Every structure is written in C-alpha cells, then in structure tokens.
Amino acid sequence: MYTKYEEYALSVMSGGDSNPPKINGKLNFKDDWSQTAFAIAINLSKKGYFEMEEFRQLMIKTIRDWENSHDLNDKSWNYYEIWVSVLEKLIYEKEVLNRSEVSSFFKKIIDCKSSFKNE
Amino acid sequence: MSKVFQKIPVTVITGDLGAGKTSLLNNLLVNNKGKKLAVIVNEFGEIGIDSDLVIRSDEEILEMNNGCICCNIRGDLVRIIEKIIKDFHETEQIIIETTGLADPAPIIQSFWIEETLIKNTKLDGLITVVDSLHFNRKKDCLHVKKQISFADVILLNKTDLITFEEQQNIEKDLSMLNPLAILLKTMFSKSNENLFEIGGFDLANALKIDPLFLVSSQHKHQKNINAVCIKNTKVVDGDLFNKWIYKFAQYNGKNLFRYKGIINLDNEARRFVFQGVHMTLDGRPGKPWEKKEKRLNQLVFIGKNLDEYEIEEGFNSCIQSI
C-alpha cells in the first residue's frame, strides 16, 4: 500500500521497460537537471495533471521510437532526455502551462543542461 | 524492447452448488461480443463434470481437477494462467468458474500476491450466483455467506421460482450481508448487463462508494456477519492511517472478509483508495478530487463479528488535528 504519492509513482515507473536508472536499488541522477525534471513530473502527477501510468506508457513508446532510430550502442542515449521530452509533451497536452510558459519553462531546464555539459 | 501489453481482465464466478454458475458461464460464452475468452473450470474431485455442461465453443477451456481452487492449488492457478499467456496469447478475458465450495478470498488474494498474476492480469470482478429457491435453507452456511460477502455483483437467480415477497426478503438479507454489491435478478442466469467490465477491484478509477447504502443505515447486521460503514468529511493523517489500517487488518484479518475505502488523506489533490481481503491490503493514490467536490471519506468493512465501535474509534484516531 502506498500512502505517499512519490513512492507510488516510483513503483509505477519501476515496472519493466520504463524503469529509471538505479545504482544499488537507488535512483541515479548524473546531474541536477535530470533530478529536477524527475521531481517536476512526479509533482505534476501528484497534483492531478496527469496519471503516472500515462507518463509510463509514453516513456515506453518514446524509448521504443528512439531505439528504432538509433544504434543500440549509441552513446548519446540519455534516459532523462526521453523523460524531459515526455514531460514536455504531457505539459502541452494537459494544458498545464500555455505555449510561451512552456517555452520559458523548458528553456530553464535546457540552460541548466547546457551549463552541466560545459563544466 | 518488448511490446506494450494490456493486462488480461479476470472474472471470477462463484456460488453454491446448483445455483446457476455454469448457466452463467454459458451465457457469457454465447454473448461474448467476439472477445477471445479463456475459461478455467475448477472441479472438486477427480472427474470433471461441469465442463461437460459448458456449451462447446472456440474458447479454450482449462480444467483444474486437483481440488477446490481455494485450498492448496494456488500454484495450479498460476501455472494455468501462465499457460494461457504463453499458448493463447490472444486471450482478452479470463473467466474462472469455481467449485460450489470455494471460499473466494484466496482466489482474490492470489491476484494481489502472485507476481505472474499481478504482472499479466487484472481482477475485474467477482460474481456470486445465488439460488433464490434454496436461499433460506442455505443462508446460514458460512461458505454461502462468504461468497455473498465477497461479491461485486450478486445474481439473484431462479427468481421465477419464488414469490415477489420472498424475493424482497432475500434482497434485504443480501444487502445486509453485502451492501457494496450490485444486485441483479435473473432467470436461468441471464443478464443484459455487461459483466466483463465491473471494475470491482479497480483502484485507479474508483471515485466513490455507492452512497445509497451509506446513508440508509450506518451499521448492518445479519447474525454474526456485519458491515460497518463510515462516512465523514474530516482530513485523515496519512501516517496515522497507514499504521492503524495495517494493525487493524493484522489483528482482525481472519474475520475481515472484504473492505474498501476512499479517503481524503492529508488534504492532497488526489483521493486515497484502498481495499483489502483478510490481511491482504492494497492501496494507492487515486483520481484527483474535483475542485468543488466535497471530500468525503467513505469506508466499508464487511466481516464476521466486526466491532463497529473499535473501527470507528480507530479511524477517528487518524483524523488530523486542526
């Protein structure tokens, strides 16, 4: 039984093909932006904007699309890049933010990503 | 990457011997709207009988002859369902017809405990067929009471064989034993309702518990089987509730048949939904509350000799202090 939404959401995402990267059973974030994106998605779902199962299904589909268009050894693979694209899609679809708000919102995450890449 | 798959819904049919379970199964097979069905027919004894009565069809019928489904053969149930998944991968619906002696609890629990079943199937509902002609003679048998107490849908069958007054009395008895179940009156187990989409165990889409029984009477009794209902609009503390419900289920599990609740936990955006069978408990955040919706706590406990005072006190101890 999950009384905490965060625990429930993690249990949903840990089911098979959408399983987030973990080390020794603990979530593994290589950088802050991926952790932020993870937290935003869980919190939006907690607030009722979308179901975690919807998020999971979209993750599976997007991962599959990526695999179909890339070599499986492609080093550009990043689970949280997929996560952010799914989050962006759902934020549009569910009208969590309007178009200009979405642009500025994701720009912040992208800027955050760039700063990490430059380090 | 494996394909995205839908979990196979499972319908369990139970009821006393001769109540009309096989007739119901036949009706479901005939009116299945093109669904690919797999049927598990469980027999008590070495020689299967009921599957001979089932109208032959394209559906796969698998028989379990090792004994009553509720006893020691949960492993067999898992193996048969694994076989269905492997050999009949187009199956869209599984129906389990239990022997007339089966206690439904272990069957329900199997779908919450066994990993294969959790991963591949979803329990949709438990239908109990009640023989209205012999109900008064059988109603004190524990297995009959249990089958009724666990049901999502009760088919009150053979209503053509009793008077209207007798029917009303039986309906009253049934609603006391199980105020949660939908009651359908049938002859020859024939119903026009869609019995494949009951959603009796679907926490994800549970919005409310039928408010009718909650307002009609707070406490319902029939001899030693009773239902305790709680309804209020208080905010429940998640940590306190978690501790209380586990402890309550642990101490009273044997006598708790089935329980369900929708509650306002910590004033979160989503309602919290839970259900249990004996000590086996399942719960999760459910659908969000609507903006103007009254956040109503609704809990129902059905079981044997349940102490309504203890349950109310226990639940009230989980209310958030203002």
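These legends describe close-up views of a predicted model. Residues are numbered from 1 along each chain as its sequence is written, chains are lettered from A, and ligands are numbered from 1, both in written order. Local features need pLDDT of at least 70, side-chain atom pairs count only at pLDDT 80 or more, and totals for chains, interfaces and linings use all residues.

**View 1. The contact between chain A and chain B.** Chain A brings 14 residues to the contact, and chain B brings 18 residues. Two residues are in contact if their C-beta atoms, placed from the backbone, lie within 7 Å. On the chain A side, α1 (5-13) and α3 (52-69) each supply at least two residues. Which helix gives the most to this side? That is α3(A), with 5 residues. Helices here are DSSP runs (H or I, at least four residues), strands are DSSP runs too (E, at least two), and they are numbered from the N terminus. By type, the chain A side divides into 6 nonpolar, 3 polar and 5 charged residues. Ala, Val, Leu, Ile, Met, Phe, Trp, Tyr, Cys and Pro count as nonpolar, Asp, Glu, Lys and Arg as charged, and the others, Gly among them, as polar.

**View 2. Leu58(A) in helix α3 of chain A.** Is Leu58(A) buried or exposed? Leu58(A) is buried, because 20 other C-beta atoms lie within 10 Å. The cut-offs are these: a residue is buried with 20 or more other C-beta atoms within 10 Å of its own, exposed with 12 or fewer, and partly exposed in between, with C-beta atoms placed from the backbone. Leaving out residues up to four places away in sequence, Leu58(A) touches Val86(A), Lys89(A) and Leu90(A). Ser76(A) is 18 residues from Leu58(A) in sequence and 20 Å away in space, C-alpha to C-alpha.

**View 3. Helix α7 of chain B.** This helix spans residues 142-149 and is mostly covered. Of its 8 residues, 6 are buried. They are Val144(B), Lys145(B), Lys146(B), Gln147(B), Ile148(B) and Ser149(B).

**View 4. Positive phi at His278(B).** Most residues other than glycine have a negative phi. His278(B) has a positive phi, near 50 degrees. Its place is the loop between β11 (270-277) and β12 (280-288) of chain B. His278(B) counts as partly exposed because it has 19 C-beta neighbours inside 10 Å.

**View 5. Positive phi at Asn305(B).** Phi of Asn305(B) is near 50 degrees, and this residue is not glycine. Asn305(B) sits in the loop between β13 (297-304) and α11 (308-316) of chain B. With 11 C-beta neighbours inside 10 Å, Asn305(B) counts as exposed.
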